[in-house]
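Q: I'm new to this. Can you walk me through what I'm looking at?

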Amino acid sequence: MVSSVVHIGCGAGFSGDRVDAAIPVVATLAKKEGPKYLIFETLAERTLALAQKHRRKDPSHGYSPFLESYIRPILKKCHESGIKIVSNFGAANPKGGAIKIAEIAKETGCNDIKIAIVEGDDLLQIMSGADIQNHPTIEGLDIGDNEVLAANAYLGARPIAEALQKGADVVVVGRCTDPALVLGPLIKEFSWAENDWSKLAAGTMAGHLLECGGQVTGAYFADPGYKDVPNLANVGFPLAEVKSDGTLIITKAENTGGLVSAQTVKEQLLYEIHDPENYYTADVILDISKVEVTEVGLDRVEVSGANGKPRPDTLKATVSIDGGWMGEAEMSYAGPNALKRARLAIDVLKSRYRDIGTNYPIRFDILGTMSVHSGDNEDITSSHSYPEDGDYRIRVATCGHEKEVIERINQEVLSLYCSGPAAGGGFRQHLTDQVQTASILVDREKIRPKVNFLTGNV
Amino acid sequence: MSKQVENVRLHEIAHARAGDKGNRSNISLIPYNPAIYDCLLDQVTEARVLDLFKKKGASKVTRYELPNLPALNFVIDDVLEGGVNSALNLDQHGKTLSFFLLTLLVKVPADLYKDKKN
């Protein structure tokens, strides 16, 4: 029997999201009738390359490092309440993630839990690095002949639906489109056909609205005096109520802060959208240009009018290559005449870097004037007026492949302690291993997603 | 409509959110009062937005119109100084750029502007 309403909640919108946000979502879902799902979206573009590195060091790793902190608090309650879990926290090792979940299930007394693994996104399993390099880049840097660290296609919702159809309680995916985490359960519950573009569009839009967690329920939204949000510290994560005709209501977990309004939904609807008529996913091309957003109750917003066009013949894939090192170093100058001392510190550094003779790009900021809004080569303090007295902080940032050069650039900031202008203090530095990414398009026929279940003792 | 016109920052009449893909940013612009939408259409043009972001390397701005919401969506090419994996800017995603767009000045009929303040 086809259910009338499917309830889907979101427990995380990115890999560093709040670890306790899912608890009230699960408490709310548990009270609902009918099919219930909880999703976690934890895989940003470059997260997978970092995960691949972990897996190379230890073959049992490579799944999301946050998996346990998300799953442990809610697994038993989900299991008892019939809430199925769907997530891409498999990252570079979905099977490893599934094994970890099985361990947690055993420890928390969840018996007979069925954990499915969706694989097939890893291009390095089906083609050579050279084949991957030969694909033209549609976004990001040219791959060139750089070694491919990771290359993963964005799978669609069908294999997730298949896993659920076969009885999975938990579905662990590697790389898939974010909306597929929501569309998969809807396809399973409503038996939406592969070419029912308007329904697939509605389900994809539901996924797009949920995939960033609190970003649709008042988080990343507050602007005091303009857009006030109650109890932001305990912002409730979203739930969607979806009907078989694609009707969609966005709401949030009970007894939480935040809000769901036309404004919060509109901001998230357009988040990371380019052409509103052509949002490409593996399952459908979503057109949100005619969408309407209506408040239908307290913290309840109906979203309607999504249109769909036939899915593309290609799948997007993210390719990661080594990006060298990024160096960042900072020093503070405060009190009388601080801005002049900060500027002198930068002049000293520029002279020192000329003497070192590096070709790496180096950016200088004075935090406390304009920084993130200024351009790489913009001299803010000469074009704008800032108080000479103040509490300023210089920042130097650079990147390149020779670690020792990056370390030397940072070290010059450290040496301002004894060799720079008066009273520099609070030196900090970072040296970060960089990954570069590029997007390519891969023939859909080459990608064969596989659904397996974790079997045997773990 | 009132004849009186006020010169205000977009921040007074609209809200915005920025997202990133590669070296490209998109920024939504959503009026608090739907009646302001036509003012945004007239005055927040691709050319003005490109001019605002040029110092950060922006090479092209495409504006998409969503009259049903109503909202505008600006796609700004090459504005992220390399994007999340290579920008030297502290804000590698360009998350803060939405509030840079909101510094743009527009002329608004005083009665529409005051609606929002109520």
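This is a predicted model: local features need pLDDT of at least 70, side-chain atom pairs count only at pLDDT 80 or more; totals for chains, interfaces and linings use all residues.

A: Let's start with a term. Helices and strands here are DSSP runs, numbered from the N terminus.

Q: What is the phi of A:Asn255?
A: Phi of A:Asn255 is near 55°. That is a positive value in a residue other than glycine.

Q: Is A:Asn255 buried or exposed?
A: A:Asn255 is exposed. It has 9 other C-beta atoms within 10 Å. The cut-off for exposed is 12 or fewer, so A:Asn255 qualifies.

Q: And what about A:Ala423, where is that one?
A: A:Ala423 is in the loop between H14 and S18 of chain A. Its phi is positive too, about 65°, although A:Ala423 is not a glycine. A:Ala423 is partly exposed, with 13 other C-beta atoms within 10 Å.

Q: New topic. How many residues does helix H11 of chain A have?
A: H11 covers residues 338–356, which makes 19 residues. It reaches 27 Å from its first C-alpha to its last. That is close to the 27 Å expected at 1.5 Å a residue.

Q: Which residues of H11(A) are buried?
A: They are A:Ala338, A:Arg341, A:Ala342, A:Arg343, A:Ala345, A:Ile346 and A:Leu349.

Q: Why do residues three or four places apart point the same way?
A: An α-helix has 3.6 residues a turn, so residues at that spacing point the same way.

Q: What covers the buried residues of H11(A)?
A: The cover includes strand S15 (314–335), strand S16 (362–367) and strand S17 (390–400) of chain A. It also includes helices H12 (380–383), H13 (403–414) and H14 (416–419) of chain A.

Q: What follows H11(A)?
A: A:Gly357 does, and its phi is positive, near 80°.

Q: Now the sheets. What is the strand order in the 10-strand sheet of chain A?
A: The order is S12-S13-S9-S8-S1-S2-S3-S7-S4-S19. It is an open sheet, and the pairing is mixed.

Q: Which strands stand at the edges there?
A: S12 and strand S19 (450–453) of chain A. Each has a single partner strand, so one side of each is left without a neighbour in the sheet.

Q: Can you zoom in on one pair?
A: Take strand S2 (residues 36–40) and strand S3 (residues 83–87) of chain A, which run parallel and are joined by five bridges. A:Tyr37 has A:Lys84 in S3(A) as its bridge partner.

Q: And the sheet in chain B, what is its order?
A: S2-S3-S5-S4, an open sheet of four strands with antiparallel pairing. Seven bridges join S4(B) to S5(B).

Q: Where is B:Pro70 found?
A: In the loop between strand S4 (60–66) and strand S5 (71–77) of chain B. A cis peptide bond joins B:Leu69 and B:Pro70, with omega about -15°.

Q: Which helix of chain A lies across strands of chain B?
A: H10(A) lies across S2, strand S3 (24–31) and S5 of chain B. It runs at about 155° to S3(B).

Q: How many residues are in contact between chains A and B?
A: 39 residues of chain A are in contact with 28 residues of chain B. S18(A) gives the most to chain A's side, with five residues. By class, that side has 11 nonpolar, 14 polar and 14 charged residues.

Note on methods: Residues are numbered from 1 along each chain as its sequence is written. Chains are lettered from A and ligands numbered from 1 in the order in which they are written. Helices (H or I, at least four residues) and strands (E, at least two) are DSSP runs, numbered from the N terminus. The expected span of a helix is 1.5 Å times one less than its number of residues. A residue is buried if 20 or more other C-beta atoms lie within 10 Å of its own, exposed if 12 or fewer, and partly exposed in between; C-beta atoms are placed from the backbone. Two residues are in contact if their C-beta atoms, placed from the backbone, lie within 7 Å. Ala, Val, Leu, Ile, Met, Phe, Trp, Tyr, Cys and Pro count as nonpolar, Asp, Glu, Lys and Arg as charged, and the others, Gly among them, as polar. Two strands pair if DSSP finds at least two bridges between them. Axes are lines fitted to C-alpha atoms, for helices over the stretch in contact, and angles run from 0 to 180 degrees between N-to-C directions.
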